[in-house]
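Please look over the sequence and the model below, then read on.

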Amino acid sequence: MASASGCAEVEIRMAVETRFLPEEETMLLNMGPQHPATHGVLRLVLALDGEVVKDVTPVIGYLHSGFEKTYENKRYQQCVTLTDRMDYLNPLGNNLAFALAVEKLLGIEVPPRAQVARVILAELTRIQSHLVAVGSGALDLNGTTVMMFAFREREEFLDIFELCSGQRMMTSFIRPGGLAKDLPPEFPERVLAVLEGLPDRLADYHRLLTRNPIWLDRMVGVGKFTAEQCIEWGVTGPVLRSAGVPRDLRKDTPYCGYENYDFNVITREEGDCYARYLVRMDEILESIKIVKQALARLPEGPYVVDDYKLAFPPRQAISDNMEALIHHFKLATEGYRVPAGEVYLPIESPRGELGFYIVSDGSSRPYRVHVRTPSFANLQSLPAMARGSMLADMVPIIAAIDPILGDVDR
Amino acid sequence: MAGSDPAVALVSASIGDGLLAVEEDRAGNTILIVERGSIRGACQALRDGEEKFVHLSGIWGVDYLGMGLGPRFAVVYHLYSPTSRRRVAIKVPVEESDPVVPSVVEVWPAAGWHERETFDMFGIRFEGHPNLARILMPEDTDFYPLRKDFPLGGEEVQFTHTPEPAHLPHRPKIGLEKGKT
């Protein structure tokens, strides 16, 4: 099956980045798309010279679901439920990016309570996403304890999301106009209770990993990427910051009131997998800071814009008020029309720059939606990052890029 | 506001008549409408100019079929300058009859996969791209899914458990007897 002609056939039929002709000592090894360490359905065709990776070609598209085409056929409020499912470890972030873009087109601002709530929810999502990144990265290198601990912590965050929206992951809670419904009254205490114990748990992970000889051996110096390389390959997020570039869209082009919060942009200089791990761990602490500040200033008030043409009227009003009933009907059937125009408004997702480019033709369905996803852009740098590494290094390199295949393929 | 954008002057100085028009998006970012022959020049000027638009957010296509204005396609380039912390967009109108645009991989290696995706979804070819192959769809796909004349759900079903798929006579039945589900 793996005859010389078999290899040539594979090479012709697939999309190789470089015109690589297997010499006598080079073997083409396929990793994935079904593989426990590729973080999803990612196929890597490795050109190996013994243990050394001479080249790697990522083949993606195994999770391509046609989100962008589907958006064109759904009304804006229907699109919200789709947004959760692309980067499925950052559902509220996806919701937020979409909501911000649509609100820009609508020319509206959400009420202050919704603004602050959005920041809290986005940062809670960031924390649980980084917990998964660290946990699954450790699991890939056989540190099952850390994975279990991280997912145990994550359960508490999923409980918070369930408290708010009834859903653990695909909440669709942040919508154009504000939130889906108001935060429950016990929300602040529940969140503070979760965050209270988290720094000690993170210290546990540091005890298990940060000076662990096996972890250091497999992560330090692996997948080194300089700042220049990151920038020219369009890499954003923790990978970029691990190379010393202090770029964070929450600071640089703030949205949602982020300019009012006091937090640091975590960077490291080494640009290797170990640096990326430390960046994510420290970013969790910064997110905790932001959530605590936001909870302290969470104002009372409406959670959604006061415009029944955009947001559903309260349930009670529908029974009492004819206008509210009509608005509800029109919203549920026709949806709201968004003025014609285009916008691209990226946010800082746990993986980097996430932005929705929306073209509206004035109707209640988007004309074109393109999602600029960080995992797609970051994964492109994989060959440049991994060339010359050993085969075993592929695992931490992928783990440290932290791609989500739903984000890559859409 | 768009007219006084320094990026406009910079690009205009670099490519002259290649700059067809200047618009603005709803976030207040400038959109430079650039003729396809000048796209490399415009990108290089913006990347190396004073503001240093070193970050290419992405390249994607739009199909204006049905909107009835001008050329059918456009390729949108979104750039970000960390120095001045702002974005600029470039739009290249592309005719349906000749959907080719010069590639900008030499300006930003990051353009590689974005151009491949635009080709995959719209059928717009990028001249000079080192490996313009499909990236999301299977390699043997013979349609461009994001074109407006391609319907949602237009992809043929490859495998089905429908016992007697009358309209798919040659599809393999996955281990099913006739009439069983």
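In α3 of chain B, the buried residues are Ala111(B), Gly112(B), Trp113(B), His114(B), Glu115(B), Arg116(B), Glu117(B), Thr118(B), Phe119(B), Asp120(B), Met121(B) and Phe122(B). The model is predicted.

**Helix α3 of chain B**

- α3(B) spans residues 111–122, which is 12 residues.
- From its first C-alpha to its last the helix reaches 16 Å, close to the 16 Å expected at 1.5 Å a residue.
- The helix is mostly covered, with 12 of its 12 residues buried.
- Its cover comes from both chains: what lies over the buried residues includes α15 (374–379) of chain A, along with β3 (55–63), β4 (73–81) and β7 (125–127) of chain B.
- After α3(B) comes Gly123(B), which has a positive phi, near 85 degrees.

**Chain B as a whole**

- Chain B contains 3 helices and 7 strands.
- Read from the N terminus, its elements follow the order α-β-β-α-β-β-β-β-α-β.
- Of the 181 residues in chain B, 42% are buried.
- Among contacts in chain B between residues at least 6 apart in sequence, 47% link residues at least 24 apart.

**Where chains A and B touch**

- Chain B gives 30 residues to the contact, and chain A gives 39 residues.
- On the side of chain B that touches chain A, β3 and α3 of chain B each supply at least two residues.
- The largest share of that side, 6 residues, is from β3(B).
- Sorted by class, the side of chain B that touches chain A holds 19 nonpolar, 6 polar and 5 charged residues.

**A sheet in chain A**

- Chain A has an open sheet of 3 strands in the order β6-β7-β8, with antiparallel pairing.
- β6 (341–349) and β8 (366–372) of chain A are at the edges with a single partner strand each, so one side of each has no neighbour in the sheet.
- From one strand to the next, the twist averages 15 degrees.
- Antiparallel pairing between β6(A) and β7(A), residues 352–360, runs over 9 bridges.
- Opposite Ile347(A) stands Leu354(A), which belongs to β7(A).
- Helix α4 (residues 91–106) of chain A packs on the sheet and touches β6 and β7 of chain A. The direction of α4(A) makes about 150 degrees with that of β6(A).

**Domains of chain A**

- The domain assignment divides chain A into domain 1 (4–59) and domain 2 (67–306 + 336–409).
- The centres of domain 1 and domain 2 of chain A, taken over C-alpha atoms, are 31 Å apart.
- Domain 1 of chain A puts 18 residues into the contact, and domain 2 of chain A puts in 18 residues.
- β2 (43–49) and β3 (52–59) of chain A each provide at least two residues of the side of domain 1 that touches domain 2.
- β3(A) accounts for the largest share of that side, 6 residues.
- By class, the side of domain 1 of chain A that touches domain 2 of chain A consists of 11 nonpolar, 4 polar and 3 charged residues.

Notes
Residues numbered from 1 in each chain as written. Chains lettered and ligands numbered in written order. Predicted model: local features only at pLDDT ≥ 70, side-chain atom pairs only at ≥ 80, totals over all residues. Helix = DSSP H or I, 4+ residues; strand = E, 2+ residues; numbered from the N terminus. Expected span 1.5 Å × (residues − 1). Buried ≥ 20, exposed ≤ 12 C-beta atoms within 10 Å, placed from the backbone. Contact = placed C-beta atoms within 7 Å. Nonpolar A, V, L, I, M, F, W, Y, C, P; charged D, E, K, R; others polar. Pairing = 2+ DSSP bridges. Axes fitted to C-alpha atoms, helices over the stretch in contact; angles between N-to-C directions. Domains from an automatic or database assignment.
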